[in-house]
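The sequence and structure are shown first.

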There are 2 protein chains.
Amino acid sequence: MPVYSAPTKDTQFVLHDVLNVSTSEIPGYSELDRDFTAAVLEEAGKLAANVLHPLNVVGDTEGCVLENGVVRTPKGFREAFEQVKEGGWPGLDMPEEYGGQNMPHVIGTAVGEMFSAANQAFTMYQGLTHGAASAILAHGTDAQKDTYLPKMVSCEWTGTMNLTEPHCGTDLGLMRSKAEPQDDGSYRITGQKIFISSGEHDMADNIIHLVLAKIPGGPEGIKGVSLFIVPKFLVNEDGSLGARNGVSCGKIEEKMGIHGNSTCVMNYDGATGWLLGQEHKGMRAMFTMMNEARLGVGMQGLAQAEAAYQNALDYAKDRLQGRDVTGAKNPDGPADPLIVHPDIRRSLMDQKSFAEGARAFLLWGATLIDQAHRADDADADGLISLMTPVIKGFLTDEGYDMTVLAQQVYGGHGYIEEWGMSQYTRDARIAMIYEGANGVQALDLVGRKLAQDGGKHVMAFFEMVKAFCKDNAGQDESFDKTFIEPLKTASKDLQAAGMFFMQEGIKNPNAALSGSYDFMHMFGHVCLGLMWARMAQAAQAALDAGASDRDFYEAKIATGRYYMARRLPATALHLARIRSGADPVMALDAESF
Amino acid sequence: MPVYSAPTKDTQFVLHDVLNVSTSEIPGYSELDRDFTAAVLEEAGKLAANVLHPLNVVGDTEGCVLENGVVRTPKGFREAFEQVKEGGWPGLDMPEEYGGQNMPHVIGTAVGEMFSAANQAFTMYQGLTHGAASAILAHGTDAQKDTYLPKMVSCEWTGTMNLTEPHCGTDLGLMRSKAEPQDDGSYRITGQKIFISSGEHDMADNIIHLVLAKIPGGPEGIKGVSLFIVPKFLVNEDGSLGARNGVSCGKIEEKMGIHGNSTCVMNYDGATGWLLGQEHKGMRAMFTMMNEARLGVGMQGLAQAEAAYQNALDYAKDRLQGRDVTGAKNPDGPADPLIVHPDIRRSLMDQKSFAEGARAFLLWGATLIDQAHRADDADADGLISLMTPVIKGFLTDEGYDMTVLAQQVYGGHGYIEEWGMSQYTRDARIAMIYEGANGVQALDLVGRKLAQDGGKHVMAFFEMVKAFCKDNAGQDESFDKTFIEPLKTASKDLQAAGMFFMQEGIKNPNAALSGSYDFMHMFGHVCLGLMWARMAQAAQAALDAGASDRDFYEAKIATGRYYMARRLPATALHLARIRSGADPVMALDAESF
């Protein structure tokens, strides 16, 4: 049986020692003192560890079952969902007027990591509801907000997003679902959507589907797509539930993982829907949900890596196998624990340095969202827009790789389902795919985000790295050598790649696009390098100030040194690949493969 | 439903254009002319594609079932196994005196790839039998050979290897299974073995278990381990089957993949066994089987990558999504096929360049085995001994990564079981673990094989690369720049890493062991770089000679250029990691994790 405990101490370190949230000027942050966030995180951590985590294996083993149009979730899910609702967790960072607690997004992110790590499939029911509610909040009429948000903020009703159809995923311009205007202002929605997470289940009184469809006669392709609110049960004027709408679950998919979440084929047979936002501007409204979802998926990459790592670490300390080549560490036992072996260390340090770096990256990203939303800061909005594909793509690719490393620590025991390590890799695998496959994230980054607002945001990122290096160099030779210099080198690699794209991409867009995946990864490494430099500096400051928990802060610095020495140099390889240009990638005719 | 077709043309290219098998001086190779190998490969390919491949999904879906001590294999497996036996495939490279066909190992490898790619779980029944038969052939008495080999060569009886116990996998010195000598020269075997592939099933009349156990009173640890033949049914003097032996399957494991193969807990309750080889020299005898198995597992890495790639390629040509940024390629259709997109190309080229490079590497390795066995060449034996952990570790890690890339091409359709892409990754995952987890391969390479015979074999490898570069440089500027120079650079990186190990490892063994995994991967890249340089040279020679199939040879050169430009530079990153030494890896106390 796998273990999980919430990484509260690490999260507190990032919030307070690194990001200094309580002294930030972002509206609402002044309340986030150490005691307050500790109280929130401890409560969330208990729920995650004691309620959600034990259901993780149950969800994987039982899966969801469709019978007579009704989806039965795994045993215990309903009761756990009640506990999540009672704690008010779904509305943590939602507006008070709709029943939320109005906390900053950074707190929602810290809590979200714990819930996802404990049970990704379960937490998706709540996560997609949050996203759908955000879309209604941003684009709905007052009447729509009043009708749906109070119930969605509390998760009495859950939400979904409906984009994909059998013949189109990324290329939504090919969409066939139709929305025919009716005399009463509603629309008749007809079509089939696939891969709809939480599309049908037994944990909520109503399910609010946000559905992309085309209004006949509108513009061709993606410019003719609109977004609709399609509730499972129509809602009466008094808020009570009315007739069942013409939407049903036709099938649930057999998947590699996240068995506890129902992935549905949804059939819309003349269902009644209402326009959300403007006609033909459906993608804009959907992107409110999508961007939030992408950051949430990036968080899943971290979450699964963290959960898998905790288990790998336990096993490495517990399993006795072989002897330390430099001398027995457990001379009275039959063998030494796995953790004495350098190659096991390599694996554990890869995992540890990723998880802690990714957590800092995500929480920093969440502060940018708060800065953008709460302080109307367009620069912060631009920066997080740039970072979104990096967070989604890099953290899910790396997060997956870390679950594979964690599984490997178990040897043969990692491959049998009994130990639970296979589930971490199978669950983590989806995060590289949904909400835009990672290749599409790379395309978004290089093809769109880099040049956004005249390249202003990527320049601001480089300036930020430069400023950090300038402000923190020259005080400690060891810090300069171990953290500042590698960060400078990696950042220069990234700039050189951007320069290559500018120069070559003008002549041939494929020269840039052939390197887009490498660019996304090198960008991720530079971000984690920056985070580790900031964390090491914060840890050193705490040590210098005489912090009592010296082991904790020294371990932070040692883990950061590992990342800088062994992971960050990957930027040079990515740059070499990028500079090889389009020719090696595009040389073959399709027929010559 | 996934597709598979045997890569006969590519295999023929490696055998004849690159390795020139029929003009080699290895005994038995002169028979291997193009027509002969084509006939063998085509027959094997038909069986793989038409009989084994359709059962791959069946095996995954049905799995094996244990009822009343009997394991039922998936529907169709028995009949397919009969066809494999009737074709004489199990004894392809076994001695004629035991019913084999005495063909070189290189042919067995080429056929083995096809069978494994079509159905890994199924092919393991045959593969482990081959390994067990090889161990009996090498270490058995004449009576043992006469009793077991004819039936095992034909696969009337199958074989297993029994090493792992619940508390020990890699560290077999901890073994508890006992073998008590009996008056009649036999031994009473008692103990529990786990993870026994093909341990019990319904496809053979008898199962011959090779079991490691300790004879009481022998040396401590690994030096007191002996190997025993323990048949499921005792064999009478006349060769007929006698009483059921005291060995039974207690459980079959629920696994992440290879569901079609029964992974058994085997209980030995005073079972009758016979010593194979010498007392207390069990590991030596087992390593005959183990080394063969490791090469076979490396082959599985290639095989799953090839099978997954074929499907990804089909899907990329078929699925219409988005438009080529440089102009529509399918203007009359609703969208262009996925294969127009540079990032999809990157993924396909990674897969293609790996699979073709790995095939050449494996077949070359097989010629070394033939050279060692058929021509008693100790240098070839040393070289393949050095290469064995590289083939096992690098090809299974990379092979797995390629199945993940192939799955990714499908987007959401890759995650649902319906399309079969999940199975490739789930099946491929085990290859990184069994027959010695890949971290153990890296340890074997750096801790043992590098220094074997005074480092003679690794020096011979470097000399071989150098000689190739010297012999082939200066004739074609483009070839020099694209193939020779990158190969030289990568080979120098590898040598520099070896030098670092020599210098630092003397002071601190952890300095070498911390870089062992990186070393294994950089060694693999140099091997594939060498293979691609040889393939490109062979393809150019064929073009210069006026070969009619110009597209095929030109595609080979283009694919090689991709590998050299985009994959091989990874050696620099591995070297940088290695040079960071033990400190970043070992800095933390176990308690500080």
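## Salt bridges

A:R34 and A:D17 form a salt bridge whose closest N and O atoms are 2.9 Å apart; the term denotes a side-chain nitrogen of Lys or Arg within 4 Å of a carboxyl oxygen of Asp or Glu. Because A:R34 belongs to helix α2 (residues 34-52) of chain A and A:D17 to helix α1 (residues 8-18) of chain A, the pair ties together parts that are 17 residues apart in sequence. Helices are DSSP runs of H or I with at least four residues, numbered from the N terminus. Over all chains, the search finds 60 salt bridges.

## Basis of the values

The model is predicted: local features need pLDDT of at least 70, side-chain atom pairs count only at pLDDT 80 or more, and totals for chains, interfaces and linings use all residues. Residues are numbered from 1 along each chain as its sequence is written, chains are lettered from A and ligands numbered from 1 in the order in which they are written, and side-chain values use heavy atoms, with hydrogens and water left out.

## Interface of chains A and B

Chain A and chain B each bring 89 residues to the contact (heavy atoms within 4.5 Å). The area buried between them is about 7,500 Å², with 61% from carbon and sulfur atoms; buried area is the accessible area (1.4 Å probe) that two parts lose on being put together, summed over both. On the chain B side, B:Y415, B:R566 and B:F593 lose the most area to chain A, together 12% of what that side buries.

Six salt bridges cross the interface. In the salt bridge between A:K251 and B:E418, the closest N and O atoms are 3.2 Å apart. Helix α17 (residues 550-567) of chain B gives the most to the side that touches chain A, with eight residues. That side of chain B comprises 43 nonpolar, 23 polar and 23 charged residues (Ala, Val, Leu, Ile, Met, Phe, Trp, Tyr, Cys and Pro are nonpolar, Asp, Glu, Lys and Arg charged, and the others, Gly among them, polar).

## Largest cavity

The rule counts four cavities of 30 Å³ or more. On a 1 Å grid over the protein atoms alone, a cavity is a set of points where a 1.4 Å probe fits but cannot get out, and lining residues have an atom within 4 Å of a point. Grid points are joined across faces, edges and corners, and a volume is the space filled by probe spheres set on the points.

The largest cavity holds about 40 Å³ of space. Its lining includes B:T11, B:E113, B:M299 and B:R359. Helices α5 (105-118), α8 (282-318) and α9 (342-374) of chain B each supply at least two lining residues. By class, the lining has five nonpolar, two polar and two charged residues.

Technical notes. On a 1 Å grid over the protein atoms alone, a cavity is a set of points where a 1.4 Å probe fits but cannot get out, and a pocket is an open set with protein on both sides within 12 Å along at least five of seven lines; lining residues have an atom within 4 Å of a point.
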